[in-house]
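Please read the notes alongside the sequence and the coordinates.

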Amino acid sequence: MDSSFPIRKIIHVDMDAFYASVEQHDNPSLKGKPIAVGGEHRGVVSAASYEARKYGVRSAMPSKTAKEKCPHIIFVHPRFARYKEISKQIREIFHEYTDLVEPLSLDEAYLDVTENKKDIESANQIAKEIRQKIFEKTGLTASAGISVNKFLAKVASDINKPNGQKTIHPDRIEGFLEELPVEKFYGVGRVTANKMFSLGIYKGKDLKKKTLEELVKLFGKSGSYYYNVVRGIHHSEVKPHRIQKSVAVERTFFEDLFDDQAINEKLEHLSQELHQRLQKNNILGRSLTLKIKYKDFSLFTRSFTKEEYFTSPEQYFNTGKKLWELRPFDKPVRLLGLSLSHLNTEEKKQVSIQLKIPFEEFED
């Protein structure tokens, strides 16, 4: 631990299988059954109930694969307006305790309760109260992690899921991290974990043996992050106003597209929709990215950045067509997306709402 920085009290609250739990709550006949929120035939799983997870069904998994893993799974069409309504209720509870709330998505957020509105000394007690109020107001359960920084709180919130909480006390951080499996470290994905395994790094204590230079050489910029967090060092503050860095619109198609005319029609529609969303929030950007997902689920993205801002749907469309022509494969397309980054929000530091499209909002 770095004693030169003040010790904060950070809570990470994470709703349990949020979308799926909402559906089970609103439709009691679904309780206790394996359900997936998403499209049954051509979509992907946005969320899976705990009953479905026992069969290996996970968010972002193709619906076809989910059906193979769990033949009796029940697909439910997502209702994002309902999820946002409940998310708003949950955030109102957070703000009863602190205004330092950093939402990560509809179903999770960081809270800094070092100084809180109710002058409660124990962050553990605050987390208990918040989880109880969420249950009383929405009928849904939440899990929480409590510690001195965002990294540790995030890791802790997964330990006693669902409907539990875990506190990592300052004097126990070192021992906790040394015994923590590396795949449980927030920011270590499956590919990185496998690479670490191949290097004989299985737990935090193994990771800790590596020097900063070794980790940077092995993992690039992420190496310094791993070096610090395994020592409990993570100084990122809870930021109530996260600056939006991109706006995206995407569509998964019921039938695969192949010919240029059909692609152009979809690109035109996406360009119009992107422009409307940007205009609504007074957002401009300089970098346009085309995303293509093929029938075999392989992914291709290509970007183009201008000196000045994009200002019209025609510009998005014409640039999108040029990026389409740069694609490496002539294969059937199941998804197209356009996104804009290098936004004026970064200059103006204005607060914007993250814009998402159904079937691309996944939860852990």
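The model is predicted: local features require pLDDT of at least 70 and side-chain atom pairs count only at pLDDT 80 or more, whereas totals for chains, interfaces and linings use all residues. Residues are numbered from 1 along each chain as its sequence is written, and side-chain values use heavy atoms, with hydrogens and water left out. Helices (H or I, at least four residues) and strands (E, at least two) are DSSP runs numbered from the N terminus.

**Sheet and packed helices**

- An open sheet is formed by 5 strands in the order E5-E6-E1-E7-E8, with mixed pairing; two strands pair if DSSP finds at least two bridges between them.
- Strand E5 (101-105) and strand E8 (165-167) are the edge strands, each pairing on one side only.
- On average, neighbouring strands of this sheet are turned by 15 degrees against each other, direction ignored; axes are lines fitted to C-alpha atoms, for helices over the stretch in contact, and angles run from 0 to 180 degrees between N-to-C directions.
- Strand E1 (residues 10-15) and strand E6 (residues 108-112) run antiparallel and are joined by 5 bridges.
- Within this pairing, His-12 stands opposite Tyr-110 in E6.
- Helix H5 (residues 123-138) packs on the sheet and touches E1, E6, strand E7 (142-147) and E8, where contact means heavy atoms within 4.5 Å; the direction of H5 makes about 165 degrees with that of E7.
- Helix H6 (residues 150-157) also packs on the sheet, touching E1, E5, E6, E7 and E8, and its direction makes about 145 degrees with that of E7.

**Helices H1 and H4**

- The axes of H1 and H4 come within 11 Å and cross at roughly 100 degrees.
- H1 is therefore roughly perpendicular to H4 (under 35 degrees is roughly parallel, over 145 roughly antiparallel, 65 to 115 roughly perpendicular and the rest oblique).
- The contact is made by Phe-18, Tyr-19, Val-22, Glu-23 and Asp-26 of H1, together with Phe-80, Arg-82, Tyr-83, Ile-86, Ser-87 and Ile-90 of H4.

**Aromatic pairs and charges over rings**

- A search of the whole structure finds 12 aromatic pairs; rings of Phe, Tyr and Trp (its six-membered ring) pair if their centres lie within 6.5 Å, and planes under 30 degrees apart count as stacked, over 60 as edge-to-face and the rest as tilted.
- Tyr-19 and Phe-80 form an edge-to-face pair, at 5.7 Å centre to centre with 85 degrees between the planes.
- This pair links distant parts of the chain, 61 residues apart: Tyr-19 lies in helix H1 (residues 18-26) and Phe-80 in helix H4 (residues 80-94).
- Tyr-19 counts as buried because its relative accessibility is 4% (buried is under 20% relative accessible area, exposed over 50% and partly exposed in between, with a 1.4 Å probe and protein chains only).
- Phe-80 is buried too, with a relative accessible area of 9%.
- The ring centres of Phe-151 and Phe-185 are 5.9 Å apart and their planes stand at 35 degrees, so this pair is tilted.
- Phe-151 in helix H6 and Phe-185, in the loop between helix H7 (173-179) and helix H8 (190-198), are 34 residues apart.
- Lys-118 lies over the face of Tyr-97, at 4.7 Å from the ring centre (NZ of Lys or CZ of Arg within 6 Å of the ring centre and within 35 degrees of the ring normal).
- Lys-331 lies over the face of Phe-329, at 4.3 Å from the ring centre.

**Thr-98**

- Thr-98, in the loop between H4 and E5, is buried, with a relative accessible area of 4%.
- Neighbours within four places in sequence aside, Thr-98 is in contact with Leu-111, Asp-112, Val-113, Glu-115 and Lys-117.
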